[in-house]
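Dear colleague,

Please find below the structure that I promised to hand over to you. My notes on what was found in it follow directly after it.

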Number of protein chains: 2
Amino acid sequence: MKPKLTLKQIARELDVSVSTVSKALRDSVEISEETRQKIKAFAKLYNYKPNNIALSLKNRKTKTIGLLLPEIVHDFFATIIAGIEEVANKRGYNVIICLSNNSFDREVMNMEMLASGSIDGFILSVAKETQQKEDYHHLEEVINQGMPVVLVDRVVDCITCDKVIIDDMEGARKAVQHLIDNGCRKIAAITTVDYVSVGKLRTQGYAKALKENNRTVDETLILKIEDIDNSEQQIVNFVRDHDMDGIFAVNEHFSTSAIKGINLKGLSVPGDVSVISFSDGELSKRFIPSLSTINQHGAEMGRKAADLLIDRLELPVDDEKYQTNVIGTSLIVRESSSIKSTAMF
Amino acid sequence: MKPKLTLKQIARELDVSVSTVSKALRDSVEISEETRQKIKAFAKLYNYKPNNIALSLKNRKTKTIGLLLPEIVHDFFATIIAGIEEVANKRGYNVIICLSNNSFDREVMNMEMLASGSIDGFILSVAKETQQKEDYHHLEEVINQGMPVVLVDRVVDCITCDKVIIDDMEGARKAVQHLIDNGCRKIAAITTVDYVSVGKLRTQGYAKALKENNRTVDETLILKIEDIDNSEQQIVNFVRDHDMDGIFAVNEHFSTSAIKGINLKGLSVPGDVSVISFSDGELSKRFIPSLSTINQHGAEMGRKAADLLIDRLELPVDDEKYQTNVIGTSLIVRESSSIKSTAMF
DNA sequence: AACAGTCACGAAATCGATTTCGTGTTGAAA
DNA sequence: TTTCAACACGAAATCGATTTCGTGACTGTT
């Protein structure tokens, strides 16, 4: 209906020039008090708002940041988004979200789409397929173009830019140490294939904890999942076929499948087997028994990533030094890993 | 580094005018085959991409849609986003996401921010606080300004625009009927306060199912939650203090709290009490026992909303008639509501 | 030879806002 | 009376791309 007001229309209406209107609205001393008040009153009355697009073009900055994630129906990523959005909003930025669905092609497409002027900088977590292909041309291109990029969680070592990660290895080590402290003797790991960077690191953390306690790493007790969507049966079978009293899983879903397997075997959690996993989402809190986890502080990661990016956009480019921020993890002990009675004495 | 290529630079480099370059790249017949090839080759070589912002300004359309949601760390909303993103991406649109965190002020702020030229249209689910205040000026303003708006899930009756909702009342009725079919005689409802539109409708569906089966609605068996974040203890107490053999909850979280309460009472699910809820998220699938639910098909809602909005943006404004699309629900029976043995004979 | 019609391209307006320069008017100082 | 500064405002360039309208150079027709 109302095709929204422009400076030109105000100028015509008030019989002054466009420049005068612009200056008046920005409180320039060039304009007389009287004219200024008249223009501002008119603008307020008709609710004038400068056109963002025109401003973006003029200023060569869009005040929006692009966020490219592998998926979104996943508490961890959703939490990251919430953190980013919180900071972006506070600092006057908008967030454009794109999903790669873990596909390399979609990741490339989306980056090209956004890089053509729509955004001032990128925050991204690379797709699984991209990590598998190890093809990062699209990233290099965007960076060479002078656009700031912050990598979160699923990062790429060979790309130099700001990064926000969690200490996956240390988190995993802490988790397994917790199981050991609880008296577990045969601890299994349910993890992902190695090309997923965070999966690999967590597997290493698992091994590290065992070695630090002079345990041998039994490869048959490590299950590496390729296809996450159809992992349940695989995990149930794994649990059924192996003897264990502790399980470290790299995410909540693996944990719940494992617990199902344990129950089917006629054993109980934590009575016979202790379970702990990464990712502290709703599932962990609500599950019965509630799940012990390593909390990744997704919101903090998101906030940190957004601050890093916006700082680089707004602050003088003093240093070309890139930061890698490590967000701490915390061990949250719940029912699934309560101390075994045999270990209490 | 490379401050990205513009038409002007190509023109200067090739010693032709800007108009010629633009026309050549758009395959205009005005330009000779030879010049066209030369320009296109140059553009490809240096990877020219037109500036989106300049295009937006010129075309008066940004090819991006604004999405304003109450929250995101919630499977249902995350699923809606995925659906919207899927369609938007396919049809060449970007999605800017803002979160209101259920706050009225943030909802208004974000709408103003986006409405100033950044987007072509809105998809939104109104904040709880907004529904409580019943103040929809910001919505009316945006709509009067001529910007298409699609409301999803948490809609507002008094606003005329396209809407995508689920049949909350019917879904609830189906759920409760399922419990009745399973032999439940005392069915409790765990729902939200009435000003949340979907909560109210679901409560009505619960009552409707009971009446259709000639049962009386016992108000003491209806628990209305105000503060969702601190609802667990309240629910546990409610379950402890009342006698019931069936529970209908308006979301997964209430279900799990209820199950915890039942267990604490020394009863089991579904043996003693059947449980069913709205929202088919990860939690329902993974929980032990797995939860029977009413699936809301969030992805479909998102896809439908995006299609509605983009149609209105692109198709001739043939009709001012607004659609209200009702997305069906489906009953998913899992372990938490398996038929009671007593009811089987 | 004169005129019309292509062809191939450039100039300029446009989108909406900001900002740098000018410039006409006024009052005061010399 | 002349001159100069301050004042208040407008014209025009700019951001990057598209598009309308013109125009100079040829070609072809009679």
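Chain A has a radius of gyration of 26 Å, whereas a compact globule of 345 residues would have one near 20 Å. Please keep in mind while reading that this is a predicted model.

**Chain A as a whole**

Along the principal axes, the C-alpha atoms of chain A fill a box of roughly 90 × 40 × 40 Å. The chain contains 14 helices and 12 strands. Of its 345 residues, 53% are buried. If one takes the contacts in chain A between residues at least 6 apart in sequence, 70% of them join residues at least 24 apart. The accessible surface of chain A is about 15,600 Å², and carbon and sulfur atoms account for 50% of that surface. As for charge, chain A carries 43 positive and 49 negative side chains, and 6 Å separates the centres of the two sets.

**The nonpolar cores**

The largest nonpolar core has 130 residues, and those touching the most other members are A:Ile123, A:Ile190, A:Phe248, B:Ile123, B:Ile190 and B:Phe248. Another core, of 43 residues, lies apart from it and includes A:Met111, B:Leu151, B:Val155 and B:Ile159.

Which residues does A:Ile190 touch, beyond those up to four places away in sequence? Among them are A:Leu223, A:Ile225, A:Ile235, A:Phe238, A:Phe248 and A:Phe254.

**B:Ile225 and B:Ser231**

In chain B, B:Ile225 belongs to strand β7, which covers residues 222–225. Its relative accessibility is 1%, so B:Ile225 counts as buried. Leaving aside neighbours within four places in sequence, B:Ile225 is in contact with residues including B:Ile190, B:Thr192, B:Val193, B:Ser231 and B:Phe254. Between B:Ile225 and B:Leu151 there are 74 residues of separation in sequence and 24 Å in space, C-alpha to C-alpha.

B:Ser231 sits in the loop between β7 and α11 (232–241) of chain B. Is B:Ser231 buried or exposed? B:Ser231 counts as buried, because its relative accessibility is 1% and the term applies under 20%. Not counting residues up to four places away in sequence, B:Ser231 touches B:Ile225 and B:Phe254.

B:Met301 is part of helix α14 of chain B, residues 298–314. With 0% relative accessibility, B:Met301 is counted as buried. Apart from neighbours within four places in sequence, its contacts are B:Phe76, B:Asp153, B:Val164, B:Ile165, B:Ile166, B:Gln296 and B:Ile327. B:Thr256 is 45 residues from B:Met301 along the chain, and their C-alpha atoms are separated by 25 Å.

B:Ser28 lies in the loop between α2 (18–25) and α3 (33–45) of chain B. Why does B:Ser28 count as buried? The reason is that its relative accessibility is 17%, and the cut-off for a buried residue is under 20%. B:Ser28 touches B:Lys23 and B:Arg36, if residues up to four places away in sequence are not counted.

**Points of backbone geometry**

Most peptide bonds are trans, and most residues other than glycine have a negative phi. The following places depart from those patterns.

- The peptide bond from B:Val269 to B:Pro270 is cis, with omega near 5°; B:Pro270 is in the loop between α12 (252–264) and β9 (274–278) of chain B.
- B:Ile288 and B:Pro289 are also joined by a cis peptide bond, with omega about 0°; B:Pro289 is in the loop between α13 (282–286) and β10 (292–295) of chain B.
- A:Asn47, a residue other than glycine, has a positive phi near 55°. A:Asn47 lies in the loop between α3 (33–45) and α4 (52–59) of chain A, and its relative accessible area of 38% makes it partly exposed.
- B:Asn102 is not a glycine either, yet its phi is positive, at about 60°. B:Asn102 is in the loop between β2 (94–99) and α6 (104–115) of chain B, and at 17% relative accessibility B:Asn102 counts as buried.

With kind regards

Note on methods:
Residues are numbered from 1 along each chain as its sequence is written. Chains are lettered from A and ligands numbered from 1 in the order in which they are written. This is a predicted model: local features need pLDDT of at least 70, side-chain atom pairs count only at pLDDT 80 or more; totals for chains, interfaces and linings use all residues. Side-chain values use heavy atoms; hydrogens and water are left out. Helices (H or I, at least four residues) and strands (E, at least two) are DSSP runs, numbered from the N terminus. The radius of gyration is taken over C-alpha atoms; the globule rule is 2.2 Å times the number of residues to the power 0.38. Buried means under 20% relative accessible area, exposed over 50%, partly exposed in between (1.4 Å probe, protein chains only). Contact means heavy atoms within 4.5 Å. Accessible areas come from the Shrake-Rupley method with a 1.4 Å probe; for residues, only the protein chains shown count as cover. Lys and Arg count as positive and Asp and Glu as negative; His and the chain ends are not counted. The place of a charge is taken as NZ of Lys, CZ of Arg, CG of Asp or CD of Glu. A nonpolar core is a set of buried Ala, Val, Leu, Ile, Met, Phe, Trp, Tyr and Cys residues joined through side-chain atoms within 4.5 Å.
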